[in-house]
Amino acid sequence: NSLVIPEYATHAALTALLALHGNWKVALLGAPLLLFHAKQVAEGKHRLDNTSIFDEMAKHRRSAEIRLACYLVMLFSYVCRYVSDIALFFSTICSASRCVSFRVSTTTRMRCVQRHV
């Protein structure tokens, strides 16, 4: 019960940051879960009663499975977005300096290898 509100707040902050940054598709992907969390808090159902938890186990389990699926879809979309942004960044650098490939030097900095014509 002590981790429910921080989980909801973290998800709300992340969705708000994505929306403010202009990542509307990813922010809208998290919106249904954000609305579900808001509904849970508004109705007071975000806290679990440990005396009646076993009577309502199927309902809570189903809710947890749906939340887990939503979080996994969002994680996958975040990783895909991150990888595509990195690829776009390096392709922009590479096309600007006319390089063929990237090589990692001994100081682990990326440097561009110039094309020899």
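## Reading a predicted chain: patch, helix, salt bridges

Guide: L68, L72, L75, V79, Y82, V83 and I86 form a nonpolar patch on the surface, with about 670 Å² of accessible area together. This is a predicted model: local features need pLDDT of at least 70, side-chain atom pairs count only at pLDDT 80 or more, and totals for chains, interfaces and linings use all residues. Residues are numbered from 1 along each chain as its sequence is written, and side-chain values use heavy atoms, with hydrogens and water left out.

Visitor: What share of the residues counts as buried?

Guide: Buried means under 20% relative accessible area, exposed over 50%, and partly exposed in between (1.4 Å probe, protein chains only). Of the 117 residues of the chain, 16% are buried. The accessible surface of the chain comes to about 9,200 Å², and 67% of that belongs to carbon and sulfur atoms.

Visitor: Where do the buried residues of α1 fall around the helix axis?

Guide: The residues in question are V4, Y8, H11, T15 and L18. Seen down the axis of α1, they fall within an arc of 95°, so they line one face of the helix. The arc is that of the directions from the helix axis to the C-beta atoms. On the other side of α1, T10, L17, L20 and H21 are exposed.

Visitor: What span should α1 have?

Guide: The expected span of a helix is 1.5 Å times one less than its number of residues. For the 18 residues of α1 this gives 26 Å, and the end C-alpha atoms are 26 Å apart, which agrees. Just after α1, G22 takes a positive phi of about 100°.

Visitor: How many salt bridges are there?

Guide: Side chains of opposite charge can pair when their charged atoms come close. The rule here asks for a side-chain nitrogen of Lys or Arg within 4 Å of a carboxyl oxygen of Asp or Glu. By this rule the count is 3.

Visitor: Which parts does the pair E7 and R67 tie together?

Guide: The side chains of E7 and R67 meet at 3.7 Å, N to O. E7 lies in helix α1 (residues 4–21) and R67 in helix α3 (residues 57–97), so the pair ties together parts that are 60 residues apart in sequence. E7 is partly exposed at 24% relative accessible area, and R67 is partly exposed at 22%.

Visitor: How far apart in helix α3 are E65 and R61?

Guide: They are 4 residues apart, or about one helical turn, and their salt bridge is 3.1 Å, N to O. E65 is partly exposed at 38%, whereas R61 is exposed at 55%.

Visitor: Where do R81 and D85 lie?

Guide: Both lie in helix α3, 4 residues apart, about one turn of the helix. R81 is partly exposed at 36% relative accessibility, and D85 is partly exposed at 38%.

Note on methods:
Helix = DSSP H or I, 4+ residues; strand = E, 2+ residues; numbered from the N terminus. Patch = residues over 30% accessible without salt bridge, like charges linked within 9 Å, V, L, I, M, F, W, Y side chains within 5 Å. Areas by Shrake-Rupley, 256 points an atom, 1.4 Å probe, with all protein chains shown as cover.
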